[in-house]
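Dear colleague,

I am handing over the structure below, and the notes on what was found in it follow directly after.

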Amino acid sequence: MADGVTLTRDDNIGIITLDNPPVNGLSFAVRRGLADQVEAALSDDAIEAIVVRGAGKMFCGGADIRQFEQTPPANAANLPAVINQIEDSPKPVVAAIHGVAAGGGLEVALGCHYRLASPGTRLGLPEVTLGFVPGAGGTQRLPRLIGVQNALDVIVNGKLLPSDRAQALGIVDEVVEGDLLTRAVTLARGLVGQPDAVRKVSEREEGLEEARSNPALFSDFRKKMARRARGFDAPYACVECIEYAVTLPFEAGLAKEREVFSTLVTSDQAKAQRHVFFAEREVAKIPDVPKDTPTLVVETAAVIGAGTMGGGIAMNFANAGLPVVVYEVSQDALDKGMATIRNNYAATVSKGRLAQAEMDRRMSLISPTLSYDDLAQVDVVVEAVFEEMDLKKRIFGTLDATCKAEAILATNTSTLDVNEIATATNRPDKVIGTHFFNPANVMRLMENVRGQATSAETIATIMKLSKRLGKVGVLVSVCDGFVGNRMLFAYRRQAEFLLEEGVLPQQLDKAIYDFGMPMGPLQMSDLAGLDISWRVRKSQVATRRAHLRYSPIADRICEMGRLGQKTGAGWYRYKDGSRAPIPDPIVENLIVSVSEELGITRRPVSDDEIIPRCFYPLVNEGAKILEEGLAQRPGDIDVIWINGYGFPRYRGGPMFWADLVGPRKIYNAMKRLHDEHGNWLKPSSLLGELARDNRGFKDL
Ligand code: NAD
């Protein structure tokens, strides 16, 4: 027994078992243990062949992510060297893989001479999703084994493959239906004394041929991935390493891979992506709603309103296999809503990403209705009608009277007070906000808004439901715009002030896009429609925000009838049927004239000024939200911004990014802005504390 790894013997077969629950992670100790046991098996003359396997629920989940930032102990074993040692073994080595072989786990298996897997096993190299590259031969061995194109797809995508797909690709030699260990021992025994039993992946060349005969393969792949990989270092580094596999001898390629790995694994991007990985798991923890809080069974749902959001929300339920009733006020609206849902599915079918039969099954789960009677027995209702308090209260009153007593009544409101909506019912404990993002069937975020009276059971049920719908649910409390939109508002206002000071829309949007957002704020509002925020500015929300000056430019644009892409013009102009924004002199003249009216002398503003001006106030608002206890953790805010607004994952979310920039720098900038522009930019006192103590949001 060495740390976390055992060596046992079945007659002439040595069995090395990784045993480090829960995932047999390759910690420093386990790597040392593996090296020692391989050594022991090699020097034991009674052992003629070796099986490597995992104890418990899987083969091996890979490296121990938490150890990436630690200094290895003096006796640390280098994983690539251990794997080489396995591959160089003169005794045949069989990997017996069950459950999962991920990252370093798969790399260990690739060092073995044969790979057997149980049905249902998932295998892959997910390093890219954490911001780095496989660092123990994965990028050098996999292309040799399955071909360069396939290896590019697997490694750059980072998703785990099911065992049958892994077998089809050639990663796995055999999928074993019966007892895996028995089969592995039998295979190993049969290999003893066979002339070609030791098959080293590192010596294979066939897989590399396709790239040698097609020099454009790598550049084509880089072009193909450009859109999805924009801003990320790791996907490009993966391609670079696979290219080394083709152009360099194995040992040299391995050394290069290790070099790239070592640089990336401690990079800010990898730190950011690790942070997001943990933050997305952490969101489920709610101090006053413990894990064992009972939840209601949700088997059926209803959606009120089949507009932009209602349709998408209904699709989420159907996608998860839950029957959903969709209620509308008129047959017309209902037909229109159902047609949109159908068209959305049909588009996915025509792209080959959904089978027709599956579309039919999902459509059959969605039942349109004009009668509240059909809602009497559903377990959860999500209301998504117009953003009007009186209307919502009326609907909640009706729902309360119609739906069974246990049913949870949720609202998709983006600005209204969930507590006030709850007063329209006799079950405020069962009222909650479920704030989906547009398009609701695509965006992963659900901002779940707890009211004062919302019960732990309701919260736990809705958090669980988020997961079931394939979403990441983040719990927040009631405030103006909740967490995401309240911060968005702070950022958008700055963007528009910058227009008054000297920036034009195209420069502003480009700077934000280059920072890594999917698009700039003005292009975004052209896409969403300018009338939404226009209505908000004119509504009761405006009275709450009356102390906050906002730029009049957007209102003027709306007054010209320019409501965004849907009217062919907004902040930009659009050619018929095109979504490509064209800068418009009319808007530029309008902006310049507003500057004049306000007595502002326009000045050149650099991109380096745009980013802090827009994102520091965003962080500042996030800090105020934390101060007020409206979000549970800085990481929750990061998860909201990454999954709801497209904040670049490789920057870790706004609060993580703020720590990299330095809270002190942001606080000082906020103080300056506050002195120059007035009280709508008041620095957060929490930010002030962090600045004073030289701490970060990560320390909270
Ligand atoms: P929408 O105008 O597209 O759809 C609203 C639907 O509600 C319409 O189909 C309308 O016929 C229906 N409706 C109106 N009165 C009704 C009633 N009494 N009973 C049943 N149905 C009724 O609006 P939307 O963009 O889908 O927004 C719906 C809600 O979602 C709003 O609260 C909005 O703030 C919120 N929201 C919108 C977005 C977005 O980007 N559009 C994002 C998040 C949240």
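The C-alpha centres of domain 1 and domain 2 lie 44 Å apart, in a chain whose assignment gives domain 1 (5–266), domain 2 (301–478) and domain 3 (485–699), with bounds that come from an automatic or database domain assignment. This is a predicted model, in which local features need pLDDT of at least 70 and side-chain atom pairs count only at pLDDT 80 or more, while totals for chains, interfaces and linings use all residues. Residues are numbered from 1 along each chain as its sequence is written, and side-chain values use heavy atoms, with hydrogens and water left out.

In contact (heavy atoms within 4.5 Å) are P505, L508, D509 and I512 of α20 with P521, L522 and Q523 of α21.

By class, this contact of α20 with α21 has 5 nonpolar, 1 polar and 1 charged residues, where Ala, Val, Leu, Ile, Met, Phe, Trp, Tyr, Cys and Pro count as nonpolar, Asp, Glu, Lys and Arg as charged, and the others, Gly among them, as polar.

Best regards

Definitions and conventions:
Helices (H or I, at least four residues) and strands (E, at least two) are DSSP runs, numbered from the N terminus.
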